[in-house]
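Welcome, and please have your viewer ready. We will go from one selection to the next and say what there is to see at each stop.

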2 protein chains.
Amino acid sequence: MKRAFVFALFTAILAGGICSAQTSNASAPAFTAHPSPYNFPGVQYPRIEADSRVTFHFNAPNAQKVQVSIVNVPFDMVKGDDGVWTYTSEPQAPGYHNYWMLVDGAIVLDPGTNAFIGYGHMCNGFEVPDPGVDFYDLKDVPHGNVLIKNYFSKTSNSWRHIFVYTPPGYEANTSARYPVLYLQHGGGEDERVWIEMGRTNLILDNLIAQGKSKPMIVVMETSAVGSVTSLGPGAGAGAGARAGRAPAPGAGPGAGGGPAAGARGGAAAGRFSEMGKVYGQLMINDLIPWIDRNFRTLADKDHRAMAGLSMGGMMTSTVTLANLDKFANIGLFSGGSIAPDNPAVAPDPDAFKKKVKVLFVSCGSLERPAAAQANHDALEKIGIKSTFYVSPGTAHEWQTWRRSLHEFAPLLFR
Amino acid sequence: MKRAFVFALFTAILAGGICSAQTSNASAPAFTAHPSPYNFPGVQYPRIEADSRVTFHFNAPNAQKVQVSIVNVPFDMVKGDDGVWTYTSEPQAPGYHNYWMLVDGAIVLDPGTNAFIGYGHMCNGFEVPDPGVDFYDLKDVPHGNVLIKNYFSKTSNSWRHIFVYTPPGYEANTSARYPVLYLQHGGGEDERVWIEMGRTNLILDNLIAQGKSKPMIVVMETSAVGSVTSLGPGAGAGAGARAGRAPAPGAGPGAGGGPAAGARGGAAAGRFSEMGKVYGQLMINDLIPWIDRNFRTLADKDHRAMAGLSMGGMMTSTVTLANLDKFANIGLFSGGSIAPDNPAVAPDPDAFKKKVKVLFVSCGSLERPAAAQANHDALEKIGIKSTFYVSPGTAHEWQTWRRSLHEFAPLLFR
């Protein structure tokens with residue numbers, strides 16, 4: 001507890017006072033310039049400046065043109081006499097942002113900092129502090145476990161690689177059973193992102209420590225069906241990978257070594273719908289039964305939730321509306337919607353209302369809150385209450401989704 | 001069990017018969033050409049050809065020169081009319097190999113396939129099958145858990161990010177206690193590699209299922225001390241990362257965005273020794289007590305082992321020789337040695353012999369087996385038996401270390 005206090009104090013000093021946990025305080029510098037926390041030891045760039053600008057360096061003495069693409073927007077870098085190209089960005093919003101390099105037009109990664117999945121390919125990433133906000137920080141509270149698991153799916157006829165979060169106390173309380181949240185990534189992403197960028201484990205640890213969320217299990221899987229996933233720990237090592245199985249119908253890059261930029265959101269809506277249908281079958285027939293067999297779950301609809309970001313929100317609405325006997329809790333973060341005229345709603349709004357305990361819809365203020373707000377209001381008119389959350393000052397990016405999870409989780413399983 | 005049979009059959013068909021588990025059968029094509037299993041869905045290259053050559057494609061229409069660096073050796077690619085550069089390698093040894101791209105001289109990663117830590121920076125990787133060999137395949141046997149954990153170290157004054165493997169049955173047998181293997185990465189690597197490339201979990205699952213290894217816990221941490229690790233799940237999110245803590249004394253790249261190639265092995269021996277000393281303090285004072293408090297371990301020297309690859313082997317000899325009251329089992333894979341004149345051995349070889357239950361030394365046949373063999377023979381002359389294993393046909397790479405773990409683990413805790 002002493003350490004938690006020191007951390008809280010440290011954050012308070014940084015922020016010059018405790019701010020609201022949901023307000024980004026962009027006006028006054030509240031931290032000192034520092035290397036992005038994803039850089040390897042000794043690597044200074046990307047460097048987060050005290051005013052939230054970000055400075056990039058890239059060593060390419062023989063290149064004709066180098067750009068840094070920040071959240072899929074390219075900016076020209078300037079070559080120095082030493083062959084190192086530099087660029088300092090405009091101030092960036094708090095949270096995690098994807099970037100990559102364009103060296104003489106080729107989409108490539110900076111090897112000096114960690115790599116993350118996004119946009120259908122590996123990306124680099126940097127992290128801008130959100131002064132006074134610590135709900136996704138690693139703190140001295142009881143920590144749940146993040147487990148890397150593999151299970152065999154008959155639907156896809158392949159091993160599936162998943163992450164499972166179990167809450168603090170799960171191992172010790174050997175007779176307790178827990179509700180389950182199924183949490184989906186967005187287009188061009190996979191099962192890693194809700195841990196690596198989303199910090200789901202830290203958000204839940206902190207909420208549970210504060211008594212704000214019920215302890216729950218969280219299951220994270222890729223929605224691509226038809227191919228084994230390619231992450232290292234075993235999934236690519238099975239017979240499936242050797243069998244030359246057909247590629248997944250996911251939002252991945254096209255054939256050839258260089259993936260197309262902007263793959264996110266590029267897949268047709270019909271493809272999402274087909275993916276949602278197939279992935280729904282896999283969830284209902286394989287994943288959920290396996291989780292209920294292998295973890296101490298409360299295996300009924302009231303104690304089961306599904307949520308997702310962007311394409312994962314669309315998957316969530318598709319899967320849950322087709323299976324309201326399996327899910328009573330729904331979270332749509334920056335994607336998916338449940339319209340009043342949806343066939344799962346319109347014939348009998350009262351029946352829908354009785355089945356669904358929590359309906360949560362969110363987006364960033366820089367997205368399209370008006371459309372989501374209108375949908376929320378239309379649902380309310382037919383007597384269906386939902387929680388609508390707009391993340392202030394954030395776009396179709398991770399800070400919106402971290403905050404969405406932080407708002408959504410406390411509503412569940414009450 | 002049925003599925004295991006099908007996999008075995010499949011492997012047998014691929015291999016055209018069951019080969020010795022330790023022999024690479026390079027003569028006859030035993031698999032068909034296929035995309036590397038680490039590629040994203042739909043990405044065809046790197047493609048592993050049926051004769052173990054590897055074909056690389058890279059889209060860079062405006063680049064003047066593109067090379068692919070395979071295990072740190074650059075090869076010129078040839079530009080096609082479509083702006084795609086191609087190269088097909090010589091046949092590659094079985095197992096995992098690091099590669100990256102050089103675009104107009106800049107060290108960069110291919111974004112269309114997964115990224116892994118190595119050489120002090122992110123690398124791409126590809127995997128060449130080893131026909132008839134399935135000891136590191138994902139099979140239908142009971143699977144242990146891989147847990148992502150964080151703990152706070154007073155020695156480094158920071159949160160530490162670790163992986164912990166618990167064997168099948170650990171959760172169910174709530175009163176059973178288990179021995180522990182501490183397993184170290186090499187220079188320019190971190191705690192991820194023994195899972196992501198080493199497939200430690202799959203190797204142990206398979207050995208335990210066959211009754212060849214005792215069930216054991218395996219702990220994997222980075223040996224860099226003085227900086228938080230930068231992997232996503234929280235480790236970079238704590239106060240440490242924001243405090244601008246001094247960079248670690250690890251084998252990372254130099255300042256500036258572009259890491260120097262060939263960082264592996266570039267750190268001075270004195271630096272290794274200093275790292276080993278500091279990391280040993282952290283292990284003894286923080287890591288081991290934390291593991292013994294948080295897992296059901298057999299917390300004595302006979303039930304504790306340490307092993308590592310390359311620099312991790314050097315760390316292992318440094319740490320274990322300084323703490324023979326804590327470790328009775330030692331594995332040195334392609335690095336580190338225990339010479340007869342070592343101060344921990346020479347004064348009283350009989351005492352050393354009584355303390356150390358297992359001493360295992362290995363390397364690839366393409367490394368320097370003669371030196372390691374001479375050391376083994378010299379130890380034997382003074383009455384100290386060790387197990388010496390040479391991995392046939394492999395170099396200072398992962399197939400040597402996967403095989404080393406597969407040979408070492410069955411010797412432990414007998």
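Where in chain B is B:Thr394 found? Select this residue and you will land in the loop between strand E19 (387-391) and helix H9 (398-408) of chain B. Keep in mind along the way that this is a predicted model.

Is B:Thr394 buried or exposed? Its relative accessibility is 3%, and because buried means under 20%, B:Thr394 counts as buried. Now show side chains: a polar contact of 2.5 Å links B:Thr394 with B:Ser391. Leaving aside residues up to four places away in sequence, B:Thr394 also touches B:Gly364, B:Ser365, B:Leu366 and B:Glu367, along with B:Gln399, B:Thr400 and B:Arg403.

**Aromatic pairs**

Stay in chain B and select B:Phe360 and B:Phe408. Their ring centres are 5.3 Å apart and their planes stand at 45 degrees, so the pair is tilted. B:Phe360 belongs to strand E18 (residues 358-364) of chain B and B:Phe408 to helix H9 of chain B, so this pair ties together parts 48 residues apart in sequence. Both B:Phe360 and B:Phe408 are buried.

Over all chains, the aromatic pairs number 42. For another one, go to A:Phe135 and A:Tyr136: with centres 5.0 Å apart and planes at 90 degrees, these rings are edge-to-face. A:Phe135 is buried at 5% relative accessible area, and A:Tyr136 is buried too, at 1%.

While in chain A, select A:Trp194, A:Phe333, A:Phe360, A:Trp398, A:Trp401 and A:Phe408 together; they form one aromatic cluster.

**Arginines over rings**

Back in chain B, look at B:Tyr170, where B:Arg296 lies over the face of the ring at 4.1 Å from its centre. Then move to B:Tyr136, which has B:Arg402 over its face, 4.3 Å from the ring centre.

**A sheet in chain A**

Switch to a cartoon view and colour strands E1, E2, E3, E7 and E6 of chain A. They make up an open sheet of five strands in the order E1-E2-E3-E7-E6, with antiparallel pairing. Strand E1 (34-35) and strand E6 (78-79) are at the edges with a single partner strand each, so one side of each has no neighbour in the sheet. E1(A) and strand E2 (residues 47-48) run antiparallel and are joined by two bridges; A:Pro35 has A:Arg47 as its bridge partner in E2(A).

**Zooming out**

Finally, show the whole of chain A, with its nine helices and 19 strands. Of its 414 residues, 62% count as buried.

Note on methods. Residues are numbered from 1 along each chain as its sequence is written. Chains are lettered from A and ligands numbered from 1 in the order in which they are written. This is a predicted model: local features need pLDDT of at least 70, side-chain atom pairs count only at pLDDT 80 or more; totals for chains, interfaces and linings use all residues. Side-chain values use heavy atoms; hydrogens and water are left out. Helices (H or I, at least four residues) and strands (E, at least two) are DSSP runs, numbered from the N terminus. Buried means under 20% relative accessible area, exposed over 50%, partly exposed in between (1.4 Å probe, protein chains only). A polar contact is a pair of N or O atoms within 3.5 Å; within protein, one must be able to donate a hydrogen and the other to accept it, and residues adjacent in sequence count only if both atoms are side-chain atoms. Contact means heavy atoms within 4.5 Å. Two strands pair if DSSP finds at least two bridges between them. Rings of Phe, Tyr and Trp (its six-membered ring) pair if their centres lie within 6.5 Å; planes under 30 degrees apart count as stacked, over 60 as edge-to-face and the rest as tilted. A charge sits over a ring if NZ of Lys or CZ of Arg is within 6 Å of the ring centre and within 35 degrees of the ring normal.
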